[in-house]
Amino acid sequence: MKLRKQVTVCGGAIFCVAVFSLYLMLDRVQHDPARRQNGGGNFPRSQISVLQNRIEQLEQLLEENHQIISHIKDSVMELTDTGAVSPSAHLPFRSANGSWVLPFDGQPSFVAVKSQDCQVAVDNHGRRDVQMLDVYSLLKFDNPDGGVWKQGFDITYEPGEWDKEPLQVFVVPHSHNDPGWVKTFDKYFLEQTQHILNNMVVKLLEDPRRRFIWSEISYFSKWWEGADKQKKEATLKLVKSGQLEIVTGGWVMTDEANAHYFAMLDQLIEGHQWLETNLGVKPQSGWAVDPFGHSATMAYLLKKANLTSMLIQRVHYSIKKHFASTRSLEFMWRQSWDKSSDSDIFCHMMPFYSYDVPHTCGPDPKVCCQFDFKRLPGGRVNCPWKVPPKAVVESNVEERANLLLDQYRKKSKLFRSKVLLVPLGDDFRYDMALEWDQQFSNYQRLFDYMNAHPQMHVQAQFGTLSEYFSAVYKAGGVPQGARPADFPVLSGDFFAYADREDHYWTGYYTSRPFYKSLDRVLESHLRGAEILYSLAVGHARHAGMEGRYPVSDYALLVDARRAVGLFQHHDAITGTAKENVVVDYGARLLRSLTGLKRVITNAAHFLVMKNKEFYRFYQTEPFLETDDRRATQDSLPQKTLIELDSSGPRYLVLFNPVEQERLCAVSVLVNTAHVRALTEDGQTLPVQVSAQWASPVQMSSEVFKATFMARLPALGLAVFHLYNMADSPMTLRSDTLLRLPGPGVSARAVDPLPVRSQQADPQTFFITTQSLTLGFSGTTGLLESIRLKDDPQEVKLQMHFLVYGTRPSKDKSGAYLFLPDGAAKPYIPKEPPVVRVEEGPLFSEVVSHFQHFQQTVRIHNVPGVDGLSVELSTTVDIRDQTNKELAMRLVTDIQTGDVFHTDLNGFQMQARRQLLKLPLQGNFYPMSTQAYIQDSQHRLSLHSAQALGVTSLESGQLEVILDRRLMQDDNRGLGQGLKDNKKTVNRFRLLLERRDTGNAMTDSGAPSFPSLLGHMTGAVLNHEVLALPVLPKKRGVPQLQTFRPLREALPCDFHLVNLRSVQSAEDPNAPSPYTAMILHRKGMDCSLESQSLGFNCSTTQGQLGVSGLLRGLDLQLLQPMSLSLMHGSSPLANDSSVSLAPMELSAFKLKLR
C-alpha cells in the first residue's frame, strides 16, 4: 500500500508540474507586448516573424517540460520496474534480478538542458589555416640529414633581400632557473639564483642599452624578501625603464602535459598577485622554453590573463621543420571550439633544437656556439664543435659581425617579418659577474659595428621579449596582439614531443605516479579550503564575529598555493627530478596538505554551528578530526577510525566540494559492526557494514567499514549521527565470497560478518545494481563485460594487464623517454590471484589480488551520478622489478577505428589519431583527467584521478601506463633512473554511455566534449566527499546544523573553479575584503542519452545571477576581472547577471559581507 501511495503522490506531482509549466508558458506569451495585434487583425510582416519566434519558444518550453516530466517518471518507475514487491516499503530489499532496491529518496530529480547550451558541440567551428591533427596526418615523420641544421634543411638567401627593409634583430638575454631539478629549490637559490639576480641589478644599471628577462616568480619573490632597500629601488627602476621584463609571471614555468588547469591558473594568479603587490608589473608576454610539449590550454589561460603574445620551444623536430618550411613559426593560436577569433593569441615557435646559445642565433650550432662568450677559452664550458668563441676586438669585429649576420639572415628566412628574435641564455646563466661582462660587452661591440655600417642593412640591439613582439606588430601595421596580414591561424596542441630520432618524451606522462596522485589530492583540498575559508570569513564578517574566527588560517592557504604552484614546475609534477629533490617536493606537499585540512576543519566548525554565539575556537582543541592522515610524504593515507560506544552518538560532518547537490554512498571506518546512521533530523539511513581486510583472506577484528547513502548540499556541509547500537532492519551486512586459487588457501571470518569461499573456476560471474551489470573472468577476477540497464546489448570490456620492457641498445627508457623493446607482453603472475566478491544493498565490488597490483572494481547502487559509472582502484607495487612498465589495457568491441580523445589539463578534449608511421611510443599522449573512445552507438570514458600516459593502439582499445621502474638515466641531464617507486593507488571511473538514436557522431577532427554525466563523473572522482568526525566533548557537543551555502543551484554546465580570498596589499599573509570567484562554463555533448543525475539540473544559456547566489551574505561589489585578477573592468550593478559563453573561463572580484 505504501508503495502505491508513493507512486500516486509522485504521479500527482507530475500532473501539477505539467499544469503549472503550461500556465507559465501561456502567461509568458500573453504578457509579451510584441504579440499585440495591429490594426484589427492585419499583421505586418515583422509581427508575423515575432509570432513565429514565440511559437518556436513555446515549442522549446514544451520540450523542456516533457524532459522534466519524463525524468520524474523515471524516478518514480525505478520503484516499480524491479519486478519485486517490498515486504515493507521503507526497507531495502533484493529484487528478482538480484539487484538491491533502496528506500526511495523522496526527491525525484530532473534534467532540463536548453538546446542552445549544446550548440558548441555541433556548430561548425570555422576555418583554420593549420589544424594540428591534419599536420600529423600530412607529415612523414622521417629524419633525413639536413646538413648543419641536422633536423632541418639548407637555408639560402639573396644578398639584397634587406636593402629596402633592414633586418631588425632583438637579442634577448635570459636565464632559465628550474625551481628544483638536480638540486632542490633552496639549494639552487643559495648557490646560483640569488647571485644571478644580485648581478642583474648591478650589471643592467651599468648601461641603459642592456636588457634581461625573468620568468619564475617563486625565485624572484624569495630573492626580494632578502633584498635590501637599495636593491629593491634599483629593481623597480630597471622595471620602469624597460630594461628588465617579467615574462609570463607565473610562480613557475608550468608543465603543460600533466598539470590540471586549476593548478596552472592558480600558480599564474599567485605570481601575478605577487607582482602587482610588490613591483606594480603587468606581464605582457608568455615565455615557455622548457616544458616538454605545449598545450592549447596554456595559450587560453595567458590570453584570458590579458597577455598579448607568447613563445614556445619544445615541439617535435618534424613539426618545427614543417612550420619553418612554410614560414608558419609565428601564428595566431586559436582554441578548437572558438567560432570567432576571441581566443586568438600571437605565438612564436623557436625553430631549432634547444633554447641554448648554440641553437638560437641561426641554423648552424657550430657557428652560434662561437658567440656564446661564457665559453671563451679558459672557462669551464666549451663548444662541442671544437671551434671556441673569440673575444670581439677591433681587428676581428668585421669578420665576426659578418659571420653572425649570416646566421641572423638565415634564421630570419624562416619567418614572415623582417624582425628577428635571438634568445641569449641557458640554464642558470649569468650567475657570475664575469659572464655579464663577457656577453654584454662582446655583443655590444658587434651591434655597434653592424649599426654603424648601413650597407649591412641590419639594426641590432639587446631587447626584451615584448620589445620584439611590439616590433613585429609595428612591422605588420597592426595593434598589440592583433593578427598581422597573412599570418596563419592554428588550432590544436604540440604533443607528443620528440627532440631527436625516435626519442619521444612520453614516459614522463606517468613517471612517479605517487606524486602525480598526491598533487591532485592537494589541489582538491586547496580548492575546498579556499571555498570554505571564503564562506566562513564572509559569514563571520556578516555576524560581526571576525575577531573570533581564525582569520590567520590565511597563511596556511598562501603556503599551500605556493607549494601546489611549485609542484606544477616542469621537472616536478613530471617526475623528472633527482630523488632527494622529489623528497623535498613531497615534504612541502604534505606540510601544505596538513595545513589545508586544518583550514577546512576550522571553517566547517564555524559554519555548522547552529548558534554562532556558542562558537569558540581553541588552537589546541580542534572541534573536528580530519578524514585521514599520512604518516610521511611517501606513505598512503590512513582513514580516520571513528570510535563508537553505547554512551551516545558520534557526529559526522560531510563536506561536498562539488557545486551541485550530491547523492552518494559514503564509507567510514568504525570500531564495531553494529552501526546505525541517522540524518540530522533523525531519519534512519540504510547502512552496509563490511569487513576491513588485513590481507587478501584475513578480516580485521577491530575495524569495520560502514557505508551509507547521503544527500549532500552543493558546496555544503551535512551533519549525520552514528550510533553503536543493536542492528535495525536498515543495517545490512555485505555478502562476501572468496574465490580461492587452490585448496591450500583458507579464509577466516570475523563475527558477525560471514564469509564463504570456493575454489575458482573459469565460469564468468556477475555483480549487478539497478543501473549496471558487470561480468568478470572466473579465473582472474578481472572485468570482461558491462551492460547498462534496459540495454539488451552487452558491451565487451576486457581488462588486461601488460608489461613493457626497454630496448637493449644504449638508448633506454628513463624519467623522460619511453623507449620500449616492442609491443607489451601479458603480465603473468607467479601465482593465480585471490578474488574477493562483496555484494550488498549500497555497493558491490570485486577485488583481485595479484603479486604486483591489487585491482578493485566497485559499483554503487545509488540513483544518479554515483551509480552510473564503475569505480576502479589499482594499487601498484613494482619495487622488485627491473626496467619494467606496468600498463592496464581495456579491450572493447566499440568500433573506434584509429581515433580516440584525450583531455588537455582537465579543461578540454583533443582528438588523437593512432598513426602506424609513428613508433609505438609516439602514439602515447598525456591524460590529466580523462580519455574516451566512441562509435555510433557508445562512448566509453576512462576518468582518472591522476595524470598518466594513455593511448589507443588498436580499434576499441584504451591503454594507460600505471607505473614505470627504470634503472638508468636517459641522457637528458637528470643523471638518474626511476628507482624510488612507491606503493601507489591509481583511481579511475569507467563510464559507458549510449548515443541517442538519431544523433550522429561528429567528425573525428571536430571539437569533442564530455556529456553532462561525463563532467559530473569527473567531478565526483576528483573532489571526494570529506568525512570529518566531531571529536567527543566532555561538556557535550553544541547543536549543529547542515550548512547550505547556495540559495539556488548553479546551472549544471557551470563549474566553480575557485572562490579565492584575495590577499591584503599590506600583509600577504592576511586576506583583503575581496574574494575572487572564478567560473568555467563547460562545453558539453548532448548527443549521448541523458540520465537522471540524482539532482535537479537545468541550464540558463550562460546566465548567472550572482547577488542571490550565496545564502546569508550580501554582495557589495561585482567586478569582472582578467583571469589572474590583474586587470579590472568597470564594476557591474550588484544585482546584475553575469554571462559566460560555452567553454569560457571568467573571473570576478566580489566583496561579500
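Our chat below goes from the overall chain to the cores, a sheet and the cysteines.

Visitor: Before anything else, what kind of model is this?
Guide: This is a predicted model.

Visitor: Good to know. How many helices and strands does the protein chain have?
Guide: The secondary structure of the protein chain comprises 17 helices and 53 strands. The radius of gyration is 31 Å, close to the 32 Å that the globule rule gives for 1153 residues, so the chain is as compact as a globular protein of that length.

Visitor: And what does the C-alpha trace span along its principal axes?
Guide: About 105 × 95 × 60 Å.

Visitor: What share of the residues counts as buried?
Guide: Of the 1153 residues, 62% count as buried. The chain exposes about 42400 Å², and carbon and sulfur atoms supply 51% of that area.

Visitor: Let's go inside. Which residues touch the most other members of the largest nonpolar core?
Guide: That core has 257 residues, and those touching the most other members are Phe220, Phe323, Trp333, Tyr408, Tyr443, Phe494 and Tyr549. There is also a second, separate core of 32 residues, with Val668, Val697, Leu722 and Leu740 among them.

Visitor: Take Tyr408. What does it touch?
Guide: Leaving out residues up to four places away in sequence, Tyr408 touches Leu167, Val169, Val171, Cys361, Leu420, Val422, Tyr443, Phe447 and Met450.

Visitor: I also clicked on Thr235. Where does it lie, and is it buried or exposed?
Guide: Thr235 lies in helix α6, which covers residues 229-241. Its relative accessible area is 0%, so Thr235 is buried. Apart from neighbours within four places in sequence, Thr235 is in contact with Val201, Phe220, Trp223, Trp224 and Leu244.

Visitor: Switching to sheets: in what order do the strands of the open sheet with β46 run?
Guide: The order is β21-β20-β24-β18-β46, with antiparallel pairing. The edge strands, β21 (684-685) and β46 (1026-1029), each pair on one side only.

Visitor: How many bridges join β18 and β46?
Guide: Four, in the antiparallel sense, with β18 covering residues 650-655. Leu654 stands opposite Ala1027 in β46.

Visitor: Now the cysteines. How many disulfides are there?
Guide: A search of the whole structure finds four. Counting bonded cysteines along the chain, their pattern is 1-7, 2-3, 4-5, 6-8.

Visitor: Which parts of the chain does the Cys118 and Cys1086 pair link?
Guide: Distant ones: Cys118 sits in the loop between β3 (111-112) and β4 (130-131), and Cys1086 in the loop between β48 (1071-1081) and β49 (1097-1098), 968 residues apart. Their sulfur atoms are 2.0 Å apart. The torsion about the S-S bond is about -80 degrees, so this disulfide is left-handed. Cys118 counts as buried at 13% relative accessibility, while Cys1086 counts as partly exposed at 29%.

Visitor: What about Cys1052 and Cys1097: left-handed or right-handed?
Guide: Right-handed, because the torsion about their S-S bond is about 60 degrees. Cys1052 lies in the loop between β46 and β47 (1054-1063) and Cys1097 in strand β49, so the pair ties together parts 45 residues apart in sequence. Both Cys1052 and Cys1097 are buried.

How values were computed. Residues are numbered from 1 along each chain as its sequence is written. This is a predicted model: local features need pLDDT of at least 70, side-chain atom pairs count only at pLDDT 80 or more; totals for chains, interfaces and linings use all residues. Side-chain values use heavy atoms; hydrogens and water are left out. Helices (H or I, at least four residues) and strands (E, at least two) are DSSP runs, numbered from the N terminus. Buried means under 20% relative accessible area, exposed over 50%, partly exposed in between (1.4 Å probe, protein chains only). Contact means heavy atoms within 4.5 Å. Two strands pair if DSSP finds at least two bridges between them. A nonpolar core is a set of buried Ala, Val, Leu, Ile, Met, Phe, Trp, Tyr and Cys residues joined through side-chain atoms within 4.5 Å. The radius of gyration is taken over C-alpha atoms; the globule rule is 2.2 Å times the number of residues to the power 0.38. Accessible areas come from the Shrake-Rupley method with a 1.4 Å probe; for residues, only the protein chains shown count as cover. A disulfide is a pair of cysteine sulfur atoms within 2.5 Å.
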